[in-house]
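This briefing covers a predicted model. Please consult the sequence and structure below before reading the grouped points.

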Amino acid sequence: DRCHHCSDCQACTLKMDHHCPWVNNCVGFRNYKYFYLLLVYGSITEILCISLVLASLLNRSYDGFKAWDYIGMVCIGFVGIVTFGTIGLLVYHTSMLVVNQTTIEHLKALPTSTYSVGCFGNVQQVLGKSAWMWPFPCIYGVSEEDWDGIHWDHPDSRPKPEGHELQEVQIQMHSSPNPNNGQSHSTPEPLGFSGIQGSNGSSHEVNGSGLKTMV
């Protein structure tokens, strides 16, 4: 349901959010973190740029406007417009991030609880399991088995496959420690028997040790 075909890229994208003309690519499951961090660091850089230029203009002694003053004001105006748009996108995508919703799903007016697994779990799906890796533009922790771009429920809430508990019990029995020497031992498998039909109508049975028994 969250995979969509992009007419611009001519490809299907998992958890497609939108096609971004600024990066000339679709934003989806595998690169949404990069796009989000681009907005974060872009907003910080733009705010820093405006602050430095504004501080430079205010802290100088004026004896008339010079070329640098006009350049500084134009720079502040242009970067301010870009900053306004970047911060607006950052606020919007942050609101989508915490509820695990894409732009396409928001435009379709889907309930925010459709794919949500809790605020922290939603952030983990995009930025990674480890909070220490969130500020870094790396895919580590995002495309693991728990968050594969196909299953959107929380891994802890998924039912275990049939026979999973029985397999765990068998594994514990095979690897149970030996009370005599404290070492692990494996439960021997029962010897299998197979019947072989002879050419004269008699049958033979072959046991696990390779012995034949006439019947």
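The side chains of glutamate 105 and arginine 2 form a salt bridge at 2.7 Å, N to O, a salt bridge being a side-chain nitrogen of Lys or Arg within 4 Å of a carboxyl oxygen of Asp or Glu. The model is predicted: local features need pLDDT of at least 70 and side-chain atom pairs count only at pLDDT 80 or more, while totals for chains, interfaces and linings use all residues. Residues are numbered from 1 along each chain as its sequence is written, and side-chain values use heavy atoms, with hydrogens and water left out.

**Salt bridge**

- Glutamate 105 lies in helix H3 and arginine 2 in the segment before strand S1 (4-6), so the pair ties together parts that are 103 residues apart in sequence. Helices (H or I, at least four residues) and strands (E, at least two) are DSSP runs, numbered from the N terminus.
- Both glutamate 105 and arginine 2 are buried; buried means under 20% relative accessible area, exposed over 50%, and partly exposed in between (1.4 Å probe, protein chains only).
- The count by this rule is 1 salt bridge.

**Nonpolar core**

- The largest nonpolar core has 12 residues, among them Cys20, Phe35, Tyr36, Leu39, Leu90 and Trp134. Such a core is a set of buried Ala, Val, Leu, Ile, Met, Phe, Trp, Tyr and Cys residues joined through side-chain atoms within 4.5 Å.
- At least two residues of this core come from each of helix H1 (32-58), helix H2 (67-97) and helix H4 (119-127), and H1 gives the most, with 4 residues.
- Residues up to four places away in sequence aside, tyrosine 36 touches Leu90, His93, Thr94, Leu97 and Leu127, where contact means heavy atoms within 4.5 Å.

**Helix H2**

- H2 has 31 residues and reaches 44 Å from its first C-alpha to its last, close to the 45 Å expected at 1.5 Å a residue; the expected span is 1.5 Å times one less than the number of residues.
- Its buried residues, including Asp69, Val79, Leu90 and His93, pack against S3, H1, helix H3 (103-107) and H4.
- Threonine 86 is found in H2 and is buried, with a relative accessible area of 13%.
- Not counting residues up to four places away in sequence, threonine 86 touches Leu39, Gly42, Ser43 and Glu46.

**Exposed tryptophan**

- Tryptophan 22 lies in the loop between strand S3 (18-20) and strand S4 (25-27).
- With 80% relative accessibility, tryptophan 22 counts as exposed.
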